[in-house]
Amino acid sequence: MADRLKETDVVIVGLGAAGGVAVLPLAQAGLEVVGLEAGTWLTRKDFAPDELRNNFRGWPQAVQKANQEIPTSRATASSPMLPRGTIHPMQNGVGGTTLHYWAQSWRLNPWDFKVVSETKRRYGASRLPKGTTVEDWPFGYDELEPYYDKVEYEVGVSGQAGNLDGRIDARGNVFEAPRKRPYPMPPLRWTDYIEKMAATAASLGWHPFAGPAAVNSRSYQNRSGCMYHGFCNRGGCHVDAKNSTMVTTIPRAQATGRLKVVTRAHATRIEVDANGHASGVTYLADGVEYFQPAKVVLLASYTYENVRLMLLSKSKAFPNGLANNRGQVGRHYSSHHQGAPVTALFPFDLNSWYGLPAQGVAVDDWADDNFDHAGLDFIGGGNLWVYSDRRPIAAAGMNTFGLAPAWGSAWKAFVRQNADRTNTAYIQKSTLPYEDNYLDLDPVVKDPLGDPVIRITADYQDNERRIARFAQDKMAAWYKAAGAIEVRKGDVDGAMGIGAHAYGGTRMGDNVRTNVADRWGFSHEVPNLGIMGASLMGTSGSRNPTLTVQALAWRTAQHLADSWKERAG
Ligand SMILES: Cc1cc2nc3c(=O)[nH]c(=O)nc-3n(C[C@H](O)[C@H](O)[C@H](O)COP(=O)(O)OP(=O)(O)OC[C@H]3O[C@@H](n4cnc5c(N)ncnc54)[C@H](O)[C@@H]3O)c2cc1C
Ligand code: SF4
């Protein structure tokens with residue numbers, strides 16, 4: 001029998017990117033909030049610049065919950081299971097994955113909110129890929145703009161505006177939608193190599209710009225500017241220059257006196273009352289079971305765990321899982337096609353032994369619908385990203401471009417000469433949801449508590465593969481124009497598998513038959529259950545998700561505060 005605790009206004013599961021932001025507007029509005037976080041507080045000492053520990057051993061966090069519930073995956077319902085990884089990409093700790101993420105902080109394009117209507121308008125309905133379940137979002141970019149702005153200032157994002165209230169500035173992204181204010185900080189500085197790549201892109205007639213990052217380019221909110229020492233690709237920042245929610249919104253919410261952070265709290269079920277309303281959360285902490293009653297429950301435990309907790313929380317009112325009487329929980333899933341890289345070899349050193357992955361040059365000319373697709377066989381596109389980040393172990397695994405054997409003294413000599421002469425671009429491609437791509441509970445594999453882990457059934461479809469090939473061609477042309485002597489394109493056909501940018505599963509939309517959440521992020525079936533994270537998002541854009549996740553979380557929290565009586569019953 002669980003220990004019943006004192007009722008609170010709001011209980012929120014997970015204090016990562018989404019939950020860690022939402023607690024601030026809630027606490028500021030005067031609501032009592034309990035944050036249940038599976039991980040612990042981490043400190044600067046946990047953020048050592050150690051490639052072996054951070055990138056290969058997946059950290060020595062005190063709590064390894066995520067690593068014990070790594071989803072299983074297969075390409076289709078009739079395909080064999082893929083080999084299961086040993087490290088979950090996501091983090092357990094106060095601040096969640098914002099502790100070790102790359103911190104690229106993008107807004108979506110207006111097109112990403114209106115893929116269906118804009119595709120029909122510009123190219124005709126037949127251009128929507130076969131089998132896609134994509135819908136327009138229930139609102140457009142303008143609705144989210146004030147929340148993007150809020151989060152950029154509260155968390156701290158560095159960057160160069162390209163469209164300030166309609167005034168285009170060629171130093172920034174000329175394709176971006178209008179923003180009301182500039183970024184609160186200038187962009188991270190460039191290296192000589194990044195300057196060279198930017199100049200080359202401009203010479204091709206493209207529009208290069210410094211990408212936005214939730215990393216301080218100068219002292220901000222009494223925290224240090226970035227020192228550019230690197231090694232924080234999958235590691236935390238030991239001078240607090242990376243703006244995780246652990247150092248920004250969470251402590252500010254705590255300072256109101258209305259946020260109680262409960263660490264090592266592993267939520268296992270969302271409970272409902274006789275009316276089918278959420279009544280609170282059952283969790284385990286150090287082997288003891290507790291029940292935290294609340295007027296409103298918010299789920300912010302990342303896409304896979306949001307879906308898993310809902311599917312595990314069965315009751316008389318919801319025999320197929322919480323808020324799942326229409327069978328939509330787990331549907332409309334996609335994850336970014338993060339494979340299909342392009343790697344180049346240059347005849348000169350790039351000096352990439354310092355710097356961080358959010359420090360770089362972007363080209364958006366081939367992203368989303370920024371270019372005419374009339375003569376093409378896909379919709380969407382890719383953002384090309386060239387960045388500075390190199391570490392010894394990864395460098396030793398460099399591509400030898402067929403110029404040296406893969407072992408022995410000739411290989412060593414090649415790596416010694418070329419380790420700082422190679423660069424791999426990151427290409428962020430838009431990915432759509434499809435009927436055949438979904439999440440459910442694995443019928444066989446369980447976590448240590450005996451609960452099934454998530455099973456991913458998903459594969460990239462023709463549209464995504466065509467985007468990948470198209471974007472790779474553009475990237476290869478960019479590298480060659482910059483003087484690369486060898487260029488290699490990676491495989492575009494790799495399986496989708498587990499993703500750090502996982503979308504859908506609790507999609508947001510006005511149609512109750514095809515969406516789990518309403519336009520505010522609250523469940524259609526359980527009006528006092530709010531959901532946060534990219535699980536709400538029905539399109540990805542050619543963008544990393546977190547700033548959008550955080551803007552949505554702030555908006556959901558603000559809506560809750562504004563409509564408290566209605567939502568809390
Ligand atoms: C290496 C890496 C680099 C990335 N780089 C970028 C980038 O540059 N830009 C970008 O936009 N995105 C990036 N991402 C993605 C980004 O991390 C996610 O979009 C973001 O963290 C998702 O926010 P979230 O709140 O949904 O999940 P998280 O931030 O992971 O937070 C979820 C929290 O819930 C807790 N939790 C989980 N289950 C439970 C439970 N049952 N009970 C209690 N607590 C629970 C977890 O411990 C965690 O603290 C990156 C991800 C990785 C792994
Ligand atoms: S490079 Fe910047 S963000 Fe990374 S650890 Fe150093 S100061 Fe922190």
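The model is predicted, so local features need pLDDT of at least 70 and side-chain atom pairs count only at pLDDT 80 or more, while totals for chains, interfaces and linings use all residues. Residues are numbered from 1 along each chain as its sequence is written, chains are lettered from A and ligands numbered from 1 in the order in which they are written, and side-chain values use heavy atoms, with hydrogens and water left out.

**Empty space**

- Rolling a probe the size of a water molecule over the atoms shows where empty space is left.
- On a 1 Å grid over the protein atoms alone, a cavity is a set of points where a 1.4 Å probe fits but cannot get out, and a pocket is an open set with protein on both sides within 12 Å along at least five of seven lines; lining residues have an atom within 4 Å of a point.
- Grid points are joined across faces, edges and corners, and a volume is the space filled by probe spheres set on the points.
- The largest cavity holds about 130 Å³ of space.
- Its lining is made of 15 residues, and W106, N173, E176, R179 and Y183 are the ones nearest the centre.
- Sorted by class, that lining of the largest cavity has 8 nonpolar, 3 polar and 4 charged residues (Ala, Val, Leu, Ile, Met, Phe, Trp, Tyr, Cys and Pro count as nonpolar, Asp, Glu, Lys and Arg as charged, and the others, Gly among them, as polar).
- As for pockets, the second largest pocket has about 270 Å³ of space.
- That second largest pocket is lined by 16 residues, with V63, K65, Q68, R264 and H266 nearest its centre.
- By class, the lining of the second largest pocket splits into 7 nonpolar, 4 polar and 5 charged residues.

- Of the 18 residues lining the second largest cavity, C226, H229, G230, C232 and C237 lie nearest its centre.
- The lining of the second largest cavity comes to 13 nonpolar, 4 polar and 1 charged.
- Around ligand 2 itself you'll find C226, M227, Y228, H229, G230, C232, C237, H238 and V239 (a residue is near a molecule if one of its heavy atoms lies within 4 Å of it).
- That shell around ligand 2 has 6 nonpolar and 3 polar residues, and no charged ones.

- Helices (H or I, at least four residues) and strands (E, at least two) are DSSP runs, numbered from the N terminus, and two strands pair if DSSP finds at least two bridges between them.
- Strand β13 (residues 342–345) is covered on both faces, with V342 and A344 buried on one side and T343 and L345 buried on the other (buried means under 20% relative accessible area, exposed over 50%, partly exposed in between, with a 1.4 Å probe and protein chains only).
- β13 runs antiparallel to strand β16 (residues 422–429), joined by 4 bridges, and V342 stands opposite A425 there.
- β13 is also antiparallel to strand β19 (residues 486–489), again with 4 bridges, and T343 has R488 as its bridge partner.

**Strand β18 and its partners**

- Strand β18 (residues 452–457) is largely enclosed by the rest of the structure, because 6 of its 6 residues are buried.
- Strand β4 (residues 72–74) runs parallel to β18 through 3 bridges, with R74 partnered by T457.
- Strand β17 (residues 438–446) pairs with β18 in the antiparallel sense over 5 bridges, and here Y438 has T457 as its bridge partner.
- The hairpin of β17 and β18 has 5 residues between the strands, and in it G450 takes a positive phi near 90 degrees.

- E7 is in the loop between β1 (3–4) and β2 (8–13), and it counts as partly exposed because its relative accessibility is 45%.
- E7 and S279 are 272 residues apart in sequence, yet 9.5 Å apart in space, C-alpha to C-alpha.
- Q221 is in the loop between β7 (208–210) and α7 (249–255), and its phi is near 50 degrees, a positive value in a residue other than glycine.
- H332, in the loop between α8 (303–312) and β12 (334–335), has a positive phi near 60 degrees and is buried, with a relative accessible area of 9%.
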